[in-house]
Amino acid sequence: MLDTYGISQNQLAGAMGVERGSVSRWYHDKRDPTAETVVEIVEALKSLNFQAAEKFVRLYLVDKLEEKTPS
């Protein structure tokens, strides 16, 4: 998703004040961010590209909420 908006992992890491390795692990699904970190990601994305922040929220929060849970 970052690529779509021309945002590098380095840019996101810088906006969040974390190491690029942390962003890389989230980006490559090697580690899930905490709920607190998800909020920080949204805030950082808003500062870089508001549309990217909106897309992130839709993809990772709204879509997850709308998924059906198994019975």
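The following is a conversation about how terms are applied to a predicted model.

Colleague: Why is aspartate 29 called exposed?

Modeller: Aspartate 29 has a relative accessible area of 65%. The term exposed requires a value over 50%, and therefore aspartate 29 is called exposed.

Colleague: Where is aspartate 29 found, and what is its phi?

Modeller: Aspartate 29 is found in the loop between helix 2 and helix 3. Its phi is near 55°, which is a positive value in a residue other than glycine.

Colleague: Why is threonine 37 called buried?

Modeller: The relative accessibility of threonine 37 is 12%. A residue is buried when its value is under 20%, so threonine 37 counts as buried. Threonine 37 has its place in helix 3. Between the C-alpha atoms of threonine 37 and arginine 20 there are 14 Å in space, and the two residues are 17 apart in sequence.

Colleague: What makes alanine 35 exposed?

Modeller: Alanine 35 is also found in helix 3. Its relative accessibility is 64%, and the cut-off for exposed is over 50%; alanine 35 therefore counts as exposed. The C-alpha atom of alanine 35 is separated by 24 Å from that of threonine 4, and the two residues are 31 apart along the chain.

Colleague: How do you know that lysine 46 forms a salt bridge with glutamate 43?

Modeller: The closest N and O atoms of lysine 46 and glutamate 43 are 3.4 Å apart. A salt bridge needs a side-chain nitrogen of Lys or Arg within 4 Å of a carboxyl oxygen of Asp or Glu, so the pair of lysine 46 and glutamate 43 qualifies. A search of the whole structure finds 1 salt bridge. Both residues lie in helix 3, where they are 3 residues apart, about one turn of the helix.

Colleague: Why are lysine 46 and glutamate 43 called partly exposed?

Modeller: Lysine 46 has a relative accessible area of 39%, and glutamate 43 has one of 42%. Partly exposed covers what lies between the limits of under 20% for buried and over 50% for exposed, so lysine 46 and glutamate 43 are both partly exposed.

Colleague: What makes leucine 59 partly exposed?

Modeller: Leucine 59, which lies in helix 4, has a relative accessibility of 30%. Buried would need a value under 20% and exposed one over 50%, so leucine 59 counts as partly exposed.

Colleague: What is the volume of the largest pocket, and which residues are the closest to its centre?

Modeller: The largest pocket has a volume of about 490 Å³. It is lined by 18 residues, and the closest to its centre are Trp26, Asp29, Pro33, Phe56 and Tyr60. Helix 2 (20-27), helix 3 (35-48) and helix 4 (50-66) are the elements that each give two or more residues to the lining.

Colleague: How many residues of each class are in that lining?

Modeller: The lining of the largest pocket has 14 nonpolar and 4 charged residues, and no polar ones.

Technical notes
Residues numbered from 1 in each chain as written. Predicted model: local features only at pLDDT ≥ 70, side-chain atom pairs only at ≥ 80, totals over all residues. Heavy atoms only, no water. 1 Å grid on protein atoms, 1.4 Å probe; cavity = no way out; pocket = protein on both sides within 12 Å on 5 of 7 lines; lining within 4 Å. Points joined across faces, edges and corners; volume = space filled by probe spheres on them. Helix = DSSP H or I, 4+ residues; strand = E, 2+ residues; numbered from the N terminus. Nonpolar A, V, L, I, M, F, W, Y, C, P; charged D, E, K, R; others polar. Buried < 20%, exposed > 50% of the residue type's maximum accessible area, 1.4 Å probe, protein only.
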